[in-house]
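This briefing goes through one protein model by topic.

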Amino acid sequence: MSVTVTEGQIVFRQWTSDGLTEQTRTFASLHELYQLCLQAGNPNLIERVIIKGRDESGAERTLTFSFQSLSMELKDLLP
């Protein structure tokens with residue numbers, strides 16, 4: 001059996017007037033994940049990606065990637 005992705009979720013965060021909100025989108029392939037991550041003009045920050053699938057022996061596997069975003073102004077970086 002080959003390694004396969006069976007499903008996944010990507011969790012976005014965005015600051016709004018109501019505070020920090022999360023939005024979850026699902027995907028069925030790595031191609032769909034790339035499309036969700038690379039949308040031009042998307043104001044959301046990627047918080048985490050969860051990929052579920054099966055390994056070569058058919059056992060279920062789950063990978064979770066967690067990200068931390070930081071926003072800074074250029075003036076804060078310059079001496």
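A residue is called buried when its relative accessible area is under 20%, exposed when that area is over 50%, and partly exposed in between. By that rule Leu38 is exposed, because its relative accessible area is 68%. The model described here is predicted.

**Overall make-up**

- The protein has two helices and four strands.
- Read from the N terminus, its elements follow the order β-β-α-β-β-α.
- Of the 79 residues in the protein, 20% are buried.
- The accessible surface of the protein is about 6200 Å², and carbon and sulfur atoms account for 52% of that surface.
- If contacts between residues at least 6 apart in sequence are taken, 43% of them join residues at least 24 apart.

**The sheet**

- The four strands form an open sheet in the order S2-S1-S3-S4, and the pairing is antiparallel.
- Strand S2 (19-27) and strand S4 (60-66) are the edge strands, each pairing on one side only.
- From one strand to the next, the twist averages 15°.
- Strand S3 covers residues 45-54 and runs antiparallel to S4, with seven bridges joining the two.
- Ile51 has Leu63 in S4 as its bridge partner.

**Glu47, a buried acidic residue in the sheet**

- Glu47 is located in strand S3.
- The relative accessibility of Glu47 is 15%; since the limit for buried is under 20%, Glu47 counts as buried.
- Leaving aside residues up to four places away in sequence, Glu47 touches Val11, Phe12, Arg13, Glu22, Phe65, Ser66 and Phe67.

**Leu38 and the nonpolar patch**

- Leu38 is in the loop that lies between helix H1 (30-37) and S3.
- Together with Leu30 and Tyr34, Leu38 makes a nonpolar surface patch of about 340 Å².
- Leu30 and Tyr34, the other members of the patch, have numbers inside the range of helix H1 (30-37).

**Two residues side by side**

- Leu38 is exposed at 68% relative accessible area, whereas Glu47 is buried at 15% relative accessibility.

How values were computed
Residues numbered from 1 in each chain as written. Predicted model: local features only at pLDDT ≥ 70, side-chain atom pairs only at ≥ 80, totals over all residues. Heavy atoms only, no water. Pairing = 2+ DSSP bridges. Axes fitted to C-alpha atoms, helices over the stretch in contact; angles between N-to-C directions. Patch = residues over 30% accessible without salt bridge, like charges linked within 9 Å, V, L, I, M, F, W, Y side chains within 5 Å. Areas by Shrake-Rupley, 256 points an atom, 1.4 Å probe, with all protein chains shown as cover. Salt bridge = Lys/Arg side-chain N within 4 Å of Asp/Glu carboxyl O. Buried < 20%, exposed > 50% of the residue type's maximum accessible area, 1.4 Å probe, protein only. Contact = heavy atoms within 4.5 Å.
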